Every structure is written in C-alpha cells, then in structure tokens.
Amino acid sequence: MIQVWLRNFLFFRKTFLVTLFWTTLEPLMYLAAIGFGLGRFVEQIEGLSFIEFYYPGLLASTAMMVSYFESTYPSYTKLTYQKTYLTMLLTPLNPNQILFGEILWAATKGFIGICGVILISLFFGLFKVQVYLVLPILFLLCLVFAAFGMIVTSLAKNYDSFIFSTSGLIIPMSLIGGTYFSINDMPLFMRSLAQIFPLTHAVSLTRTILYRQLSMSSLIDLGVLIIYLAVFVLIAQKLFSKKLIK
Amino acid sequence: MTNAVVAQNLAKDFDGITAVKNISFEIKPGECFGILGPNGAGKSTTMKMIYGHVVPTKGDLFVLGLNARTDIKRIKSKIGVVPQEDGLDVDFNSLENLQIFASYYGVPRDIAKARAEHLLSEMKLSEQKFRHVEALSGGMKRRLAIARGMIHQPELLVLDEPTTGLDPQARLWIWNYFENLKAQKKTMILTTHYMEEAERLCDRVAMIDQGVMLDCASPAELVKKHIGAEVVEISSGSETSYWKSKLSTLKIDFQDHENKLFAFFPNVQARQSFIMQLQNIHYVTRLANLNDVFLKLAGYSMRGDA
C-alpha cells in the first residue's frame with residue numbers, strides 16, 4: 001500500500017509547483033471574493049460573521065473536491081490508458097493494496113489542499129488554535145471522498161462518466177452542505193436532503209470545533225463520516241478488484 | 001525437481017464465452033516453453049492465469065509448486081512478467097520505472113538502484129536512463145519492460161508476445177538476449193504468433209487454437225510428425241481438383257488453400273520422385289517448418305479479429 005502512495009508522491013514531487021499554485025491561490029480567491037466581498041452584505045449568520053461562517057465550509061469542501069478529483073480523473077487514466085494498476089498487479093501487490101494506496105494518496109492531496117486554505121486563512125485573521133483538532137476530521141473527510149472517487153472510477157465507462165457524479169453529487173453537496181449558508185434556513189425537504197450528505201456533517205463538525213462547544217450531535221457527525229468511509233471502502237474494494245482481475 | 005508450471009484441464013469462461021477449454025501441459029525447470037496460436041486463440045488468457053490477472057474457471061494450475069488459486073501473491077513474487085502492452089509508467093523516466101517497480105516487490109532501495117543500473121546497461125539502455133519512457137522507441141520500451149520483469153531476479157520469466165510490433169533488428173536483439181538466458185538455464189514461457197521465433201527459442205511448443213490444445217512437442221518433432229521433411233507448393237490454379245485426386249491416389253499428404261496445394265514428403269527422395277511428374281506447372285520446393293504444422297492443425301482461414 002505504502003509503495004503505491006510513494007509512487008504517487010514521487011510523481012507529485014515533480015509537479016509540486018502546480019499544486020502549490022492552486023492550493024494557495026484558490027482559497028485566496030474564494031476567501032476574498034466570497035468571504036470578504038459577498039460577506040459584507042451579510043450581517044451575521046448563526047451568530048458568526050460571514051467569513052467566519054464560510055471558512056469551515058471552505059475547508060471541508062476543499063478537502064472533498066481535491067480528494068475526489070485526485071481519485072477520479074488521474075485514477076481512471078491509470079486504470080485504463082496507462083495500465084498502471086494492471087502493471088502493479090504483476091507484482092505481489094493485490095487490488096486492495098493498490099486501492100488503499102490510491103485512497104490514501106488522494107486523501108493526502110486533499111490534506112495538502114487544506115493546509116493551503118489554513119495558510120491563506122492567516123491573512124484573513126481566521127486562525128484559531130482549534131484548527132489542529134479539525135485536521136484529523138478533515139483528513140477523515142478526504143478519505144471518504146477519495147474512496148467515493150475510486151467507486152466512480154471503477155464504474156466509469158469514459159471520462160464523461162464523471163460528469164454524473166461531479167454535477168449530480170459533488171457540486172450540489174458543496175452548495176447546500178451548509179457551506180455558503182445555514183442549512184437551518186432551508187425548507188425541511190432540502191434540510192433532510194442535506195443531512196444525508198457526508199459533507200454537511202463534516203462542515204457542521206468543523207464549525208463546531210472551531211467556534212462552539214462539542215455536543216451529542218458532533219458525535220453523530222463523526223459517526224456518519226466513519227460509516228460513510230466504511231461503506232465506500234467496502235464498495236470500492238468490490239468494484240475495483242472486479243475491474244482488475246477477471 | 002518440481003515442474004515450473006503444471007496446468008491440468010485448465011479452462012476459462014468470460015461471461016459464458018469460452019476462452020480456454022481444458023488445456024493441460026507441464027513446463028520443466030530450465031525449459032523455454034512456447035504457446036503458439038492465432039489472435040484470440042487463448043494464449044494471453046492462459047498467460048494471465050499464470051500471473052494472476054485471470055482466475056481459472058475450472059482445472060488446476062501450479063506455478064513453481066504453488067497453487068495459482070490460493071498462493072498467487074507468492075507466485076507473483078517469484079515470476080517476472082513482460083505483458084503484451086508494456087505498461088511502462090509514463091509519469092517517470094527509465095531508471096525510475098525500474099526503481100519504482102522494484103519497490104513494489106519490496107527490494108531495498110540501494111539494491112534496486114544497483115540492479116536497475118545493471119539491467120539498463122545489459123539492455124543497452126544506459127544512455128536512456130533519464131529519458132522519459134514516452135520518448136523511447138518501441139524496441140527500447142520493450143527492452144525496458146524486459147528489464148523491469150527481471151528486477152526482482154525471478155525464477156520464471158513469463159513473456160507475452162515479447163517481439164510483436166518490433167522491427168527486425170529489435171526482434172533479433174531480443175532473440176539473442178533470450179538465447180543467452182536460455183544458456184543460463186532460465187525457465188521461460190512465451191507466447192508468439194511468429195513461428196520463426198518459436199522454432200528458434202522454444203524447446204517445446206504448445207499449439208492452441210480456439211482455446212483447445214492442438215498438439216504439444218518440440219518444434220522438430222511437430223514438423224516431423226505432422227508434415228515430414230519436405231514441402232512442395234504447387235500453384236495448381238484451375239487444375240486444383242485434378243491434382244488433388246492425383247495426390248490422393250499417390251497417397252501423398254497435402255493441404256489445399258485458394259488454388260494452391262501444399263504436398264508433404266517424409267524425405268528428399270520422395271519429393272524428387274514426385275517432382276519428376278510435374279509438368280507445365282509452377283511449383284516451389286522448400287523444407288518443412290512449424291508454420292506448415294500450424295496451418296495444417298489450425299486451418300488456413302482468417303480469424304474474426306485477425
């Protein structure tokens with residue numbers, strides 16, 4: 001598993017400038033445009049200033065997006081055109097080890113993205129000590145979406161297949177998962193829908209750790225994320241190994 | 001000493017379509033064993049069962065004494081595979097390809113580096129070691145894939161169409177290299193549809209078509225058994241039926257294909273006495289080879305995906 005992670009890390013080392021660019025520039029733009037720019041028109045939201053409210057949402061959606069994209073397009077290329085996984089399978093590595101290596105790597109990349117957001121947040125005066133407690137939660141979220149990405153990769157027929165999961169799930173989640181506005185302001189139907197999404201729970205848990213007291217519902221949030229991870233990994237294992245061994 | 005590979009009634013179905021039907025063979029240590037067949041014959045499926053990309057539907061398969069169903073991880077640590085598509089990691093250069101691959105086997109880094117350098121020089125790739133694999137020629141890529149298959153010093157080499165798509169020079173170099181490995185008593189199993197390759201490299205060959213084993217013996221034995229020693233190719237044209245009945249009366253073994261007759265003779269004398277009777281017809285005489293055997297056993301017709 002670690003060898004697979006290491007292979008990706010070695011490739012990442014060659015291209016880290018690109019990563020550095022997006023990990024810092026993107027959060028800078030989002031925090032400035034949405035947090036600062038748009039947030040000026042919002043007085044308070046759930047008792048927080050808009051940029052404070054939005055910051056946990058940005059952390060969680062970055063974790064989700066980066067991990068998901070890392071485990072879809074590049075993984076699909078390795079699965080099909082580059083035959084990287086089939087070649088790995090010539091060695092004693094088995095499909096599960098390859099899968100776990102890829103999930104761990106995609107999550108690592110998501111984690112790097114989070115670090116970029118935190119770094120930029122310093123310039124907006126958003127730093128809080130509690131952010132260290134948030135890191136493991138966000139890494140868990142990265143793992144959830146890395147595993148989800150591997151499921152989609154195993155099911156994909158071509159690159160266009162990813163549009164279904166991206167536009168159908170990832171984007172809606174990032175919009176109504178309590179990132180830009182409070183889910184309490186949404187109609188009941190939308191609110192229940194949002195509660196199904198893992199991102200909603202990650203955002204709420206992150207926001208609680210940063211600004212509020214932990215409660216029973218924090219535990220539920222954590223539980224939901226763990227269950228999602230377990231289920232996604234199980235499904236990914238089945239589909240991925242079916243894709244490699246006939 | 002146990003056999004390197006033992007296949008007993010090996011079969012594989014893909015969603016109800018049979019790719020391999022009850023194939024049995026044994027490969028001895030130090031032997032170079034060839035699997036011959038046209039496209040879609042089941043060669044690659046058989047190979048993939050050996051290296052674990054395909055799980056047999058029926059039958060037993062033992063590789064280096066280990067059961068392929070239960071012990072594939074250990075098998076894979078002892079065999080070196082050169083797949084049909086090189087599958088080189090295009091994100092890296094030649095040296096890195098070997099080093100990263102070695103890491104999958106758990107070869108320590110310093111040893112991997114030394115072995116990679118050694119193999120690159122053996123494969124005449126030292127000057128290419130920092131080049132991206134995308135920039136390599138077809139022959140170089142194949143040589144790198146062969147080096148990669150040997151990075152963990154395997155006991156058995158599995159080569160799936162190792163020279164398909166290469167130019168004659170590259171093919172010749174690879175043949176020479178394999179002949180060296182043979183001299184070192186390395187056990188090899190290779191698939192090919194080049195009869196010349198099989199004749200040159202293989203101690204024994206299994207001819208398979210449509211998932212069935214047609215015959216299995218040394219190339220010389222196969223030629224002797226099915227063809228004899230000499231072949232006369234007769235361009236019989238419109239007189240084909242006349243010549244067919246004539247050959248039948250003379251009790252000469254032959255095959256016909258598109259107005260051409262291939263008559264087979266056990267020795268030069270038999271061939272000469274037949275040629276004396278040929279008049280006003282174009283013919284060619286030559287030695288019998290594995291190609292004749294293959295066409296006789298598998299038939300001359302083109303395959304659906306050929």
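Tutor: The dialogue below sets computed values against definitions.

Student: On what basis are the values computed?

Tutor: This is a predicted model, in which local features need pLDDT of at least 70, side-chain atom pairs count only at pLDDT 80 or more, and totals for chains, interfaces and linings use all residues. Residues are numbered from 1 along each chain as its sequence is written, chains are lettered from A in the order in which they are written, and side-chain values use heavy atoms, without hydrogens and water.

Student: Why are H7(A) and H11(A) called roughly parallel to each other?

Tutor: The axes of H7(A) (residues 131–155) and H11(A) (residues 216–244) come within 8 Å and cross at roughly 30°. Angles under 35 degrees count as roughly parallel, and the two helices are therefore described in that way. Their crossing is left-handed, a term for a near helix turned anticlockwise from the far one by less than a right angle.

Student: Which residues of H7(A) and H11(A) make the contact?

Tutor: Contact means heavy atoms within 4.5 Å. Among them are Leu140(A), Val144(A) and Ile151(A) of H7(A), and Leu225(A), Phe232(A) and Lys243(A) of H11(A). The residues of this contact divide into 21 nonpolar, one polar and one charged.

Student: How do you know that E9(B) and E10(B) pair?

Tutor: Two strands pair if DSSP finds at least two bridges between them; five bridges join E9(B) (residues 204–209) to E10(B) (residues 212–217), and these strands run antiparallel. Ile208(B) stands opposite Met213(B). The two strands form a hairpin with two residues between them, and Gln210(B) in the turn has a positive phi of about 50°.

Methods:
Axes fitted to C-alpha atoms, helices over the stretch in contact; angles between N-to-C directions. Helix = DSSP H or I, 4+ residues; strand = E, 2+ residues; numbered from the N terminus. Parallel < 35°, antiparallel > 145°, perpendicular 65-115°, else oblique. Nonpolar A, V, L, I, M, F, W, Y, C, P; charged D, E, K, R; others polar.
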